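Q: Could you walk me through reading some strand pairings and burial in this structure?

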Amino acid sequence: MDPEDLKYSKEHEWVRMNGNIAEVGVTVFAQESLGDVVFVDLPEAGTDVAQFAKFGEIESVKAVSDLFSPVGGKIVEVNAAATDSPEVVNEEPYGTGWLIKVELADASQLDELMDSATYQATLE
Amino acid sequence: MSDESQEQILKKTVLHSTHVESNAKMVPFGGWDMPVQYADGIIAEISAVRNVAGIFDVSHMGRLEFEGEGAESFLSSFLSANLPALKIGRGKYNFICNEDGGIIDDAMVYRTGDQSFLLVINAGNADIDMEWINPLVAKSKGFTMKIVTNETAMIAIQGPKAVEIIDTLSNDEASSIRRFRIGSATVAGISATLARTGYTGEDGFEIIVAADQGEKLWNVLRDAGAIESGLGSRDVLRLEAGLPLHGNDLSTETNPFEAGFGRFAYFEAPNSIAGAALKRISETESGRALVGFKMTGRGIPRSGLNIHESNSSNIDESNIIGGVTSGTHSPTVDGGIGMGYVEQKYSATGTKIIIDVRGRPVEAEIVDMPFYKRS
């Protein structure tokens, strides 16, 4: 299920910390609810994003959903694989389907997020 | 993600439990609880229908039988089909229009006998259609009307292998029914009415059987290799095929001529309610036209988005030239496609337009429909 080393938001995004760089993506629950992902719109690297603010859009055949960043800071990298081949978000939401990397403005933001067990409980 | 569940009691087709057992994602549609997709997803279903065959539960669509010497005249009063010219065993796409020529619904009408007809209407419009039809029934005579929606099931099988599959199950009876015709056959031991029509741009049949035979037929078709397909793929398939959806591309605010379907708007029946209006509209140049367009920039068009003139530096209210009525990502053409109404002078094929995708201007170009044509 959802990896235990990640943090989760109630908007169904996840964070993987590497030093002070937060890798961000959507959860299995999110991609399964969306269905086949056919379009991902992400900002340019270098853009600032606030915690829980909209940073992009993800679209399935039928629906459009906003993407909300679980952490705030400067976006240092965006995943071209996700915009070029959106199906990677369905295939490997916790791996090659990651979306953005954020240089964390303030590590205490992570306290606002859930661990995998707490996140799992919100889905039931 | 928004929760669109409603408080109203949703109707269930006789195949409802079959869909649930197949792990379909169920959604409310037109008052019914219907499968929007099965486990493999919309794109896999689209591919199955384009390359092999898919099956769709279309039992929610309204089915009405009319019989008697007065049936042809009665139906001519509110359908835009030339019924005296419709031969036995043939079907015709047509419209139910109001006195102003506005489209209440689009429908298929079939002549199943000298004095008998089958009318198939949209599920979501069934109540509105009946509010329109019932007072007319009360004023007419010489026929009986029977609503058979609940006592029958209807399954569409669509795709390049569809006819072959039905032929195998019917001792080759089915393929003798040609395109846009209707006939009877025994399919896997089940007596069925087969219309060689559909809503996907593929060859195939819409098969009507007794309600208690619906599940058996569904399982036989699935075992024969047809892939279970839901409303999600059906909506993409119909858009790829350039087929309009009432409620999106057609409404009482639009008429058949500006929608580009004037050839299905026969108005010369002497008792036609919409006849005078449709005749007048047919003789007037309309201010707008329903067009198909393909995205040339990055973005997916969606119903309700504004269409702007292409040479405008900013997208604002002053350069709106129309609106998107249907849009999606098409896996078959690999890009964003849509339909919408634009002012007549922007409707020519090749015209460049801009779609306002939630504040982001994205380039598109008007193209001929269908977006997909079977080979």
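Q: Which residue in S7(A) does A:Ile58 stand opposite?
A: In general, strands of a sheet pair through backbone hydrogen bonds, either parallel or antiparallel. Here A:Ile58 stands opposite A:Ser65 in S7(A). This is a predicted model, where local features need pLDDT of at least 70, side-chain atom pairs count only at pLDDT 80 or more, and totals for chains, interfaces and linings use all residues. Residues are numbered from 1 along each chain as its sequence is written, while chains are lettered from A and ligands numbered from 1 in the order in which they are written.

Q: How many bridges join strand S6 of chain A and S7(A)?
A: Two strands pair if DSSP finds at least two bridges between them; strands (E, at least two residues) and helices (H or I, at least four) are DSSP runs numbered from the N terminus. S6 (residues 54–60) and S7(A) pair over five bridges, in the antiparallel sense.

Q: In what order do the three strands of the open sheet in chain A lie?
A: The order is S4-S6-S7, with antiparallel pairing. Strand S4 (37–41) and strand S7 (64–68) of chain A are the edge strands, each pairing on one side only.

Q: Why does B:Asn51 count as partly exposed?
A: A residue is buried if 20 or more other C-beta atoms, placed from the backbone, lie within 10 Å of its own, exposed if 12 or fewer, and partly exposed in between. B:Asn51 is partly exposed because it has 13 C-beta neighbours inside 10 Å. This residue, B:Asn51, belongs to helix H2 (residues 42–51) of chain B.

Q: How many of the eight residues of helix H3 in chain B are buried?
A: Six of the eight are buried, so helix H3 (residues 71–78) is mostly covered. Among them are B:Phe74, B:Leu75 and B:Phe78.
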